[in-house]
Amino acid sequence: MEIVVVADEGEFAAVAADQVCTLLRHKPAAVLGLPTGNTPVGLYAELVKRNRAGEVDFRRCTTFNLDEYVGLPADHAGSYRTFMWKNLFSGINLPATAAHLPAGDSGDPVRAAREYEALLAKLGPIDLMVLGIGTNGHIGFNEPYTAADSRAHVSQLTPSTIRSNSVYFGREELVPRQAITLGLGNILESRRIMLLAKGESKAKAIAATVMGEIAPTVPASYLQRHPAVMLILDGAAAALLHKPGEKPGRGGEAAG
Ligand code: PGA
């Protein structure tokens with residue numbers, strides 16, 4: 001794993017955006033895998049800025065979002081479709097038909113997951129999969145104990161994920177209990193993976209991802225099996241990483 005620890009929000013967004021822009025320069029018809037959440041907001045703002053400045057072109061690109069809640073109307077304020085249009089898609093020259101998310105509102109989520117899997121099989125593989133990480137080590141909505149070879153599926157959200165995501169809904173009771181997510185197998189089939197994490201609340205999950213055993217309790221630990229993973233971290237998320245022989249907790253240093 002390549003680990004980059006950045007100094008501030010600006011550098012976090014710039015380093016992540018550089019990865020996307022370099023890929024699109026070399027491969028204009030690249031397939032991107034995209035996350036939602038608080039972590040990628042700065043990256044998306046940076047991509048909008050660079051697209052407006054003519055520094056990156058999304059016209060031939062295809063995107064697959066990692067996941068979507070089950071049961072929310074697509075235009076619901078809490079849906080990931082709404083999030084993506086607000087933060088990225090409306091600000092870049094990506095054709096609307098090239099932006100894919102699971103159809104969480106279809107009424108038949110199992111079928112929607114199967115269709116999403118088939119679409120990715122047709123248009124993929126993903127060249128660069130951008131990931132966030134949950135405090136419980138989830139990637140996408142692959143919660144602990146999801147199989148390493150899982151395909152797109154309907155996932156039951158854990159209590160810790162419902163609690164974390166309640167900030168977007170006001171109350172825990174309003175958070176959907178299910179989501180459609182790409183599986184760990186889909187994620188691991190991506191050509192390259194870039195995982196983003198910020199803040200102290202992610203430090204334990206990041207340490208377990210990088211230095212822990214590969215275990216179903218920490219889905220992100222399966223990333224250790226992938227040959228091309230880059231982690232972009234702020235100092236707080238990197239605080240529990242240490243180099244071999246060092247005591248943990250020195251903070252702010254690259255490891256791995
Ligand atoms: P966050 O979510 O970016 O809002 O912290 C990440 C995740 O739960 O995967």
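In this predicted model, a polar backbone atom of Asn38 lies 2.9 Å from an oxygen atom of the ligand. For His138, an N or O atom of the side chain is 2.8 Å from an oxygen atom of the ligand. For Tyr168, the distance from a polar side-chain atom to an oxygen atom of the ligand is 3.3 Å. The ligand alone would expose 280 Å², and the protein buries 79% of this area.

Gly37, Asn38 and Thr39 are among the surrounding residues. Gly132, Ile133 and Gly134 also belong to this shell, as do His138, Tyr168 and Lys202. By class, six of the shell residues are polar, two are nonpolar and one is charged. Lys202 is the charged member, since Lys counts as charged.

Side chains of opposite charge can pair when their charged atoms come close. The model contains 11 salt bridges, with a cut-off of 4 Å between side-chain nitrogen and carboxyl oxygen. One of them joins Asp18 and Arg50, whose closest N and O atoms are 2.8 Å apart. Asp18 belongs to helix H1 (residues 9–26) and Arg50 to helix H2 (residues 41–52), so this pair ties together parts 32 residues apart in sequence.

Most peptide bonds are trans, and most residues other than glycine have a negative phi. The peptide bond from Gly124 to Pro125 is cis, with omega near 5°. Pro125 is located in the loop between helix H4 (109–123) and strand S6 (128–131). Tyr145 is not a glycine, yet its phi is positive, at about 75°. This residue, Tyr145, lies in the loop that runs between S6 and strand S7 (153–156).

Key. Residues are numbered from 1 along each chain as its sequence is written. This is a predicted model: local features need pLDDT of at least 70, side-chain atom pairs count only at pLDDT 80 or more; totals for chains, interfaces and linings use all residues. Side-chain values use heavy atoms; hydrogens and water are left out. A residue is near a molecule or strand if one of its heavy atoms lies within 4 Å of it. A polar contact is a pair of N or O atoms within 3.5 Å; within protein, one must be able to donate a hydrogen and the other to accept it, and residues adjacent in sequence count only if both atoms are side-chain atoms. Accessible areas come from the Shrake-Rupley method with a 1.4 Å probe; for residues, only the protein chains shown count as cover. Helices (H or I, at least four residues) and strands (E, at least two) are DSSP runs, numbered from the N terminus.
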